[in-house]
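Here is a short report for a reader who is new to this structure. Please look over the sequence and the model before reading on.

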Amino acid sequence: MPPSPRPLGVAPAPASYSLNLFPRRRCLPARHAVSMAASHAHDAHFLRRAADVADRSAGLASPHPNFGCVIARPQLETDDVEAWVVGEGYLYSQGTPCAELLAAEEAGEHARGATAYLNLEPDDCYGNSTAVSSLVQAGVTRVVVGLRHPLKHLRGKAIQLLRHQGIQVDVVGEDLQSKLFKEALGSCLIVNAPLLYRAAFHVPFSVLKYAMTADGKIAASTGHASWVSGKASRGRVFELRGRSDAIIVGGNTVRLDTFTCVVDPRLTARHVKGGHVPVRIVMSQSFNLPEEANLWNVHDAYTIVATQRGARRDLQKKLAMKGVEVVEFEMLNPRDVMSYCYDRGYLSVLWECGGTLAASAISARVIHKVYAFFAPKIIGGVNAPTPVGELGMKQMTQAIDLIDVSYEQVDRDMLMSGFLQPIPDLSPVIPSVDEIPSVDPEVSPYETNIISFYKTWDTFGAFANFSPHPISLPDENGDCFTWPTVEHYYQAHKFVSVDNPQARDIVQEIKQARSPEEAARIGRTRQRELPELIGSPRKLM
């Protein structure tokens, strides 16, 4: 029978896995040292697995971080550590159950006396303590945390709550400091790099992607660019889009692709099943853009054109009539556009632009990572475009070195990725274990750099459309039905007052949506495509 959980309110046991408890390695009995090393190896393994699980939510839960939870307990009858896992979960969309609750539900009674591994400290914000209470009620007796929360108004709160409930909490870098955790910590940093960059630099995490030939060209001298890389590489690009909140291209890219009739880009993640649809942003100083283009079809995805104040007001009005949002800047530049995206709450932006805009963005220090696809072909051409334009560097010693470079074979192509700037280290501002602030005194709740996780709880902890709680309300037939969330009910009832088979199919599609975000996406898309099916949605009293 598994051991019963420690009673609530009882102080946690000493951190037996902390290296700080042992002054010198030679003082340890040999068996104890081996046992501790094995325990550290297991902890590091499951923490990396928690980061891998968390990565499944990339692009689906923004602006929330990527959370993963793995619950494991040793099994005497097997040395296969994978068999020790009794539950795991991740945040698979906004407003859905948290990773800790999903893992605890999967583990059931096996969670009692087990250890939970979290790549990131939970969000205990706006009165929603589901993550902490799920682990406490499941009977977990130990929690290993990869990173404290990077946002100051949330950092340390969930860890303190867990410790106050008698659960032993070990944090990598504080309680767990062996070399075995270096790789695990790296995994935890990378999976939430967007949030860390945003918290440190007040701009979204930006990735520059390009495909080039072996002689460094992204297109022929004529501008023809389809296709530089192979089909497998293009599939990886769709994955990158699916992980991003927005995709940025320059006006020149739109003009070349559309006017040459080579390819009329959609810039969607259409090949990634279940992925969200990123916003498309076109940066054009002159607004010299085609009147007809796939990018202006907002049924595919929402489109924003960023331009300079006063540019071609006639075309601005025409695109606005199509549903395209036009944003004017006094001086159009990458830094101001990224500040604008930051204010909109974006975490991750993918740049798929030409060399001129890429150079401008790199010079403005808003590009953080590069994905470069190398195709085994040569096109030549003195005037053929390259992935990055003029940076003003005259000597090779001025070149920017990529950090943490990795290489991957993608069919016939080679993918190289690396960071232009290291992932921010926020550890110097981590509070002490004994510090128990209810609200960080350095932070005002009205500061614009605080990310508001707006689709689950409001600032007063009140019930919202995206809150992860079912609600019983009438369906299209007037019968009582348990809707997964209020948003499911709201979107479906846009169509219930119309006597049309297609409207009824849409209601059923919304009913079966896995998350409130998916229900909202279905409802809004069908509303744009089929406005004639919209009735008067019922309102909650």
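In which sense do β7 and β8 pair, and over how many bridges? β7 and β8 pair in the parallel sense, over five bridges. Two strands pair if DSSP finds at least two bridges between them.

This is a predicted model, in which local features need pLDDT of at least 70 and side-chain atom pairs count only at pLDDT 80 or more, while totals for chains, interfaces and linings use all residues. Residues are numbered from 1 along each chain as its sequence is written, and side-chain values use heavy atoms, with hydrogens and water left out.

**The chain as a whole**

The protein chain has 14 helices and 16 strands. Helices (H or I, at least four residues) and strands (E, at least two) are DSSP runs, numbered from the N terminus. Of the 541 residues of the protein chain, 51% count as buried. Buried means under 20% relative accessible area, exposed over 50%, and partly exposed in between (1.4 Å probe, protein chains only). The protein chain exposes about 25900 Å², and carbon and sulfur atoms supply 53% of that area. Accessible areas come from the Shrake-Rupley method with a 1.4 Å probe; for residues, only the protein chains shown count as cover. Among contacts with a separation of 6 or more, 71% join residues 24 or more positions apart. Contact means heavy atoms within 4.5 Å.

**The nine-stranded sheet**

Nine strands form an open sheet with mixed pairing, in the order β10-β9-β8-β7-β11-β6-β12-β14-β13. The edge strands, β10 (325-329) and β13 (403-410), each pair on one side only. Neighbouring strands of this sheet are turned by 20° against each other on average, direction ignored.

| Strands | Sense | Bridges | A bridge pair |
|---|---|---|---|
| β7 and β8 | parallel | five bridges | V249 and V282 |
| β8 and β9 (303-308) | parallel | four bridges | I281 and I304 |
| β12 (369-375) and β14 (413-419) | antiparallel | six bridges | K369 and F419 |

Why is β8 largely enclosed by the rest of the structure? Five of the five residues of β8 are buried, so β8 is largely enclosed. Both faces are covered: V279, I281 and M283 are buried on one side, R280 and V282 on the other.

Helix α11 (residues 355-363) lies across β6 (205-213), β7 (246-250), β8 (279-283) and β11 (348-351). Helix α11 runs at about 120° to β7. Axes are lines fitted to C-alpha atoms, for helices over the stretch in contact, and angles run from 0 to 180 degrees between N-to-C directions.

**Two buried loop residues**

Where is S57 placed? S57 is in the loop between α1 (30-54) and β1 (68-72). S57 is buried, with a relative accessible area of 0%. Its side chain reaches the backbone oxygen of A54 at 2.9 Å. Leaving aside its neighbours within four places in sequence, S57 is in contact with N66, F67, Y90 and L91.

Y92 is in another loop, between β2 (85-90) and α2 (99-107). At 19% relative accessibility, Y92 counts as buried. The C-alpha atoms of Y92 and R56 are separated by 7.4 Å, although the two residues are 36 residues apart along the chain. Beyond its neighbours within four places in sequence, Y92 is in contact with L60, P97, L102 and R514.

Terms used. A polar contact is a pair of N or O atoms within 3.5 Å; within protein, one must be able to donate a hydrogen and the other to accept it, and residues adjacent in sequence count only if both atoms are side-chain atoms.
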